[in-house]
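Work through the exercises below with the sequence and the model in view. Each task is followed by a solution in steps.

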Amino acid sequence: MLERIAVTLAVTIGAGLAMTAAAEARPELVGMSGQYSPGTIVIRTHERHLYLVLDGEHAMRYPVGVGKAGKQWAGTTTIDGKYRYPAWAPPAEVKRDKPNIPDVIPGGSPQNPMGVAAMTLAGGEYAIHGTNVPNSVGGFVSYGCIRMLNPDITDLYDRVSIGATVVVTR
């Protein structure tokens with residue numbers, strides 16, 4: 001009997017820990033006042049956070065990985081495409097630095113750095129996307145793209161439309 005209670009307790013504690021870790025990947029509702037309209041995505045690269053403005057006082061906040069030294073940028077653009085399990089063709093700069101990388105990595109491949117979804121940004125080679133390297137989120141790690149945990153990009157993907165404004169600040 002004591003053995004069964006101990007096993008049940010261990011399973012319950014383990015499930016609780018697993019649920020806690022998963023919950024940490026979820027967006028966080030935060031206060032945010034400012035000049036941004038609802039639906040605007042604000043990325044603060046120095047904080048390594050992305051905010052989806054909900055109204056004049058609230059936003060959903062997500063941790064992100066951002067451009068490494070020399071690869072950061074700032075500006076205003078829009079979402080011009082949304083893709084689930086996108087294939088990835090490395091930009092010329094990535095291909096130059098890593099010449100052995102394939103010309104195209106199929107969507108869903110464990111080597112595909114785009115993760116489960118991507119939203120491309122107008123006017124360049126950048127995207128807001130998932131990742132196959134979750135421990136890179138929170139760092140200065142990319143060639144300018146915004147990396148999110150796969151559950152987080154899925155949540156954001158479902159909340160925004162093509163044409164949404166994206167503001168990137170340092």
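This is a predicted model: local features need pLDDT of at least 70, side-chain atom pairs count only at pLDDT 80 or more; totals for chains, interfaces and linings use all residues.

A salt bridge is a side-chain nitrogen of Lys or Arg within 4 Å of a carboxyl oxygen of Asp or Glu. Residues are numbered from 1 along each chain as its sequence is written, and side-chain values use heavy atoms, with hydrogens and water left out.

**Exercise 1.** State the mean pLDDT of the protein chain and find where the pLDDT is below 50.

Step 1. The chain has a mean pLDDT of 87, and 85% of its residues reach 70 or more.
Step 2. The pLDDT is below 50 over residues 1–23. Beyond near neighbours in sequence, this stretch has zero contacts (heavy atoms within 4.5 Å) in the model.

**Exercise 2.** How many salt bridges does the structure hold, and which parts does the pair of glutamate 28 and arginine 61 tie together?

Step 1. There are six salt bridges in the structure.
Step 2. In one of them, glutamate 28 pairs with arginine 61, and the closest N and O atoms are 2.7 Å apart.
Step 3. Helices (H or I, at least four residues) and strands (E, at least two) are DSSP runs, numbered from the N terminus. Glutamate 28 belongs to strand 1 (residues 28–31) and arginine 61 to strand 4 (residues 58–63), so the pair ties together parts that are 33 residues apart in sequence.

**Exercise 3.** Is lysine 71, the partner of glutamate 93 in a salt bridge, buried or exposed?

Step 1. Buried means under 20% relative accessible area, exposed over 50%, and partly exposed in between (1.4 Å probe, protein chains only).
Step 2. The N to O distance between the side chains of glutamate 93 and lysine 71 is 2.3 Å. Glutamate 93 lies in helix 2 (residues 92–97), and lysine 71 in the loop between strand 5 (66–67) and strand 6 (75–84).
Step 3. Lysine 71 has a relative accessible area of 19%, so lysine 71 is buried. Glutamate 93, with 28%, is partly exposed.

**Exercise 4.** Which residues does glycine 39 contact, leaving aside its neighbours within four places in sequence?

Step 1. Glycine 39 sits in the loop between strand 1 and strand 2 (41–44).
Step 2. With those neighbours set aside, glycine 39 is in contact with Leu52, Val53, Ala164 and Thr165.
Step 3. At 31% relative accessibility, glycine 39 is partly exposed.

Conventions. pLDDT is the predictor's confidence in each residue, from 0 to 100.
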